[in-house]
Amino acid sequence: MAVPLAYNFRNLRVRAFSTVMTVLSVGLVVAVFIGVMALARGLEEALVTTGEPLNVVVLRQGSQVETSSAVRREALQVIQYLPGVATDAAGTPLTSPEVIVLLNLPKRADGQGANVLVRGLRAKGLALRPQVRLVQGRPFRQGLREVIVGRPVAERFQNAGLGGTLRFGRSQWKVVGVFEAGRTAFGSEVWTDAGELADDFDRADYSSVLLRAENTAALRAIVQRIESDQRLHLKAQAEPEYYAEQTKTAGPIKILGSFMAVLMAIGASFAVMNTMYAAVARRSREIGVLRVLGFRPGSILLSFLVESVLLALVGGLVGCLLALPIHGLTTGTMNFRTFSEIAFAFRITPDLLLRGLGFSLVMGALGGFLPARLASRQPMVETLREE
Amino acid sequence: MTAASFVWKNIARNRRRTLLTVLSIGLSLFLLSTLMTVLTELRRESPEGDQHLRLVVRRASSLGDPLPEAYLDKLRRVPGVRLVHTLSWFGGIYVDERTFFANFACDPETLFPMWNENHIPPEQLAAFKKERTAAVAGRKLAERFKWRLGDTITLKGTIYPLDLDFTLRGIYTGLDETAFFFHHAYLEEALERPGKVGTFWLKAATAADVPRIAERVDAMFKNSDAETKTETERAFQLGFVAMLGNIKTLIASISSVVVFTILLVTANTMAMAIRERAREIAVLKTLGFGRGRILGLLMGESAVIALAGGILGTGGARLFYSVVDVWKHTKGFFPIFIVEPSTILLGLGLALAIGLASAALPAYRVSQQTIAQALRRTG
């Protein structure tokens with residue numbers, strides 16, 4: 001027969017000070033865990049949601065990112081007439097040769113420079129990225145040295161807001177529009193005309209080519225054709241895959257988060273253990289009474305274990321609540337692959353909260369087991385004889 | 001019975017609780033030392049050598065774009081410049097991505113004069129200079145891959161469309177022993193002479209020349225096709241750290257949570273210990289111990305426990321990171337990871353403060369109780 005749960009609840013209430021202290025220690029561990037993981041999650045999501053499933057990114061063989069890639073102009077002629085490349089209403093292939101330049105721009109917050117990715121493209125490049133939507137101003141016009149910027153760029157960098165002027169290459173570039181790109185990495189970019197950007201930076205080659213396949217079978221065929229063509233020296237990759245590879249940037253944050261969480265969790269389970277040992281010590285007579293009433297040692301063990309897990313779970317809940325306010329906070333870090341800054345928001349998802357709670361449960365079970373075992377093994381008669 | 005032995009007896013009374021508390025505090029301080037060391041390492045200065053005399057010249061628009069090699073002669077003629085060195089990030093991959101390390105094309109003649117805190121045996125230096133495909137590696141890097149002098153090492157280009165083969169001719173020692181250097185001329189030749197350099201490094205004759213040189217160089221190339229940005233080595237390093245994002249805030253907020261957790265754990269332990277001893281404390285009072293004395297005894301007990309945890313945590317961290325190769329496990333991110341004595345002192349200071357603070361409230365409450373109240377209470 002199990003000891004009623006109400007008994008555990010009442011006990012937790014009686015030792016209010018210890019309960020609050022222990023709940024808070026567990027809660028803080030869970031909050032740190034969720035916070036750091038939300039950071040990694042936000043970064044990963046910004047990259048994972050960036051690609052369109054039917055888009056193909058074409059890069060130079062051996063290069064991992066657009067920033068260090070080069071595609072010769074002759075190669076574009078071959079790529080755009082490959083079978084399976086989708087066409088627009090006018091019947092021209094949906095391919096977008098693009099020029100990528102990294103810029104060092106000062107941030108609004110502290111004037112420190114960070115790298116921003118500038119993408120030169122044409123109308124088709126915009127058409128291939130339906131997730132990007134202009135929310136302020138107008139699109140850039142050819143020949144006028146105009147740029148549009150992602151909202152995080154407009155907010156985070158000096159002179160990058162609507163109407164501002166950025167100085168790079170050989171010219172002054174006017175910011176004529178601000179775009180929203182959902183949670184994708186494009187939000188951290190500056191977009192302008194491909195030809196003008198190539199001119200200013202003396203780029204004879206394109207950096208990359210983005211194209212749309214008609215369907216998934218065509219996508220596979222195109223990737224295969226490009227990679228097996230020895231003359232091209234190019235590699236092709238589905239766009240989601242290309243960005244998914246960059247999620248490795250979040251790796252160190254996750255490692256740091258897990259490392260801290262494990263260390264802190266062990267520390268917190270020691271605290272739970274202390275609290276539970278004290279509880280067992282103070283209630284030795286009660287335990288004796290329970291035994292006399294006919295509760296088996298197994299039930300006593302379970303009861304104390306449940307109490308400890310309850311304690312930790314309350315802590316887990318508190319931790320979830322403490323972590324919640326950071327959801328949606330934007331921050332930025334360097335994407336180690338492209339070497340440019342990527343802005344993203346902390347993301348707390350339900351499964352992350354569940355993991356936090358699961359984590360607190362483990363702390364409770366680890367911290368409660370030994371004290372509970374001690375309680376169940378206490379000799380019945382002697383405990384009752386105590387003062 | 002002295003006060004010290006009284007405190008000690010009380011600590012030893014519930015050994016299990018003391019041990020668990022010390023371990024819990026120790027783990028937290030281990031973590032705290034780690035976090036503080038992350039900050040220290042990101043801002044580490046070279047203690048020897050000419051760091052304060054070194055400047056970096058790079059393309060103003062972005063580090064990703066190179067500078068013309070022709071700038072070399074112009075830079076050499078800038079007054080106050082003692083030495084000019086070329087350094088280009090190659091970004092090559094050895095075997096696969098997981099074994100990544102920093103590798104640069106440079107001028108072999110000026111590499112060691114520029115970073116005079118690094119040392120290499122003279123015969124190895126001579127061999128490195130003589131051969132176009134020769135390379136030098138840091139001691140730690142060579143040890144990691146078990147390279148020996150004369151080994152052939154191939155790096156796959158990621159930024160440049162080529163793979164290069166090198167012969168290891170020298171192993172250098174110094175503060176950061178994790179980088180790989182080879183001849184700029186070899187890369188230029190393989191690329192069919194584009195005449196480009198990633199960065200120029202200058203060494204000023206005196207510290208007073210440093211700001212003048214920076215201004216002069218940038219003014220010289222103003223309105224040219226490749227404008228420059230010249231800054232001290234220190235500013236250049238800190239610029240990189242700033243690009244990682246707001247690490248300081250992140251670490252500071254996590255650290256304060258960790259400190260608060262230690263406070264909670266210690267306060268809980270002390271509260272439990274004091275509550276159990278309420279009657280004893282009343283007895284002490286009956287014997288004539290003053291309130292201040294009792295408060296002192298309890299706070300002393302808590303301070304000793306917290307300090308023990310502090311010593312365990314900070315000392316443990318120092319030991320742990322001297323054994324574990326952080327460079328390898330962080331994929332080259334932290335070439336050096338040393339828990340400095342200043343970090344240990346700060347950790348111990350924090351532990352002591354937490355120890356005193358966490359006993360204060362429960363100890364104060366019990367010292368305020370009247371003897372009759374305490375004796376009436378049952379444990």
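## Domain interface of chain B

The area buried between domain 1 of chain B and domain 2 of chain B comes to about 780 Å², and carbon and sulfur atoms give 68% of it. On the side of domain 1 of chain B, 63% of the area buried against domain 2 of chain B is supplied by B:Trp327, B:Lys331 and B:Pro335, more than by any other three residues. The model is a predicted one. In the domain assignment of chain B, domain 1 covers 3-45 + 245-378 and domain 2 covers 61-226. Their C-alpha centres lie 48 Å apart.

In terms of contacts, eight residues of domain 1 of chain B meet nine residues of domain 2 of chain B. One salt bridge is found across this interface. The count of residue pairs in polar contact between the two domains, both residues at pLDDT 80 or more, is likewise given as one. Sorted by class, the side of domain 1 of chain B that touches domain 2 of chain B consists of three nonpolar, no polar and five charged residues.

## Salt bridges within chain B

Over all chains, the structure holds 41 salt bridges. One of them pairs B:Glu340 with B:Arg44, with the closest N and O atoms 2.9 Å apart. This pair links distant parts of the chain: B:Glu340 belongs to the loop between helix H13 (326-329) and helix H14 (341-368) of chain B, B:Arg44 to the loop between helix H2 (15-42) and strand S1 (54-59) of chain B, and 296 residues separate them. B:Glu340 counts as partly exposed because its relative accessibility is 22%, whereas B:Arg44, with a relative accessible area of 17%, is buried.

A salt bridge also joins B:Lys203 to B:Asp50, where the closest N and O atoms are 2.8 Å apart. B:Lys203 lies in strand S10 (residues 199-204) of chain B and B:Asp50 in the loop between H2 and S1 of chain B, so the pair ties together parts 153 residues apart in sequence. Both B:Lys203 and B:Asp50 are buried.

B:Glu233 and B:Arg54 form a further salt bridge, with 2.5 Å between the closest N and O atoms. Here too distant parts of the chain are linked: B:Glu233 is in helix H9 (residues 233-243) of chain B and B:Arg54 in strand S1 of chain B, 179 residues apart. Both B:Glu233 and B:Arg54 are buried. In the salt bridge between B:Asp325 and B:Lys140, the closest N and O atoms are 3.9 Å apart.

## Salt-bridge network in chain A

In chain A, a network of salt bridges links A:Glu66, A:Glu98, A:Arg119, A:Arg129 and A:Glu189.

## Surroundings of A:Asp193

A:Asp193 is located in strand S8 (residues 189-193) of chain A. Because its relative accessibility is 4%, A:Asp193 counts as buried. Leaving aside residues up to four places away in sequence, A:Asp193 touches A:Gly120, A:Leu121, A:Arg122, A:Phe140 and A:Gln142.

The side chains of A:Asp193 and A:Gln142 are joined by a polar contact of 3.3 Å.

Note on methods:
Residues are numbered from 1 along each chain as its sequence is written. Chains are lettered from A and ligands numbered from 1 in the order in which they are written. This is a predicted model: local features need pLDDT of at least 70, side-chain atom pairs count only at pLDDT 80 or more; totals for chains, interfaces and linings use all residues. Side-chain values use heavy atoms; hydrogens and water are left out. A salt bridge is a side-chain nitrogen of Lys or Arg within 4 Å of a carboxyl oxygen of Asp or Glu. Helices (H or I, at least four residues) and strands (E, at least two) are DSSP runs, numbered from the N terminus. Buried means under 20% relative accessible area, exposed over 50%, partly exposed in between (1.4 Å probe, protein chains only). Domain bounds come from an automatic or database domain assignment. Contact means heavy atoms within 4.5 Å. Buried area is the accessible area (1.4 Å probe) that two parts lose on being put together, summed over both. A polar contact is a pair of N or O atoms within 3.5 Å; within protein, one must be able to donate a hydrogen and the other to accept it, and residues adjacent in sequence count only if both atoms are side-chain atoms. Ala, Val, Leu, Ile, Met, Phe, Trp, Tyr, Cys and Pro count as nonpolar, Asp, Glu, Lys and Arg as charged, and the others, Gly among them, as polar.
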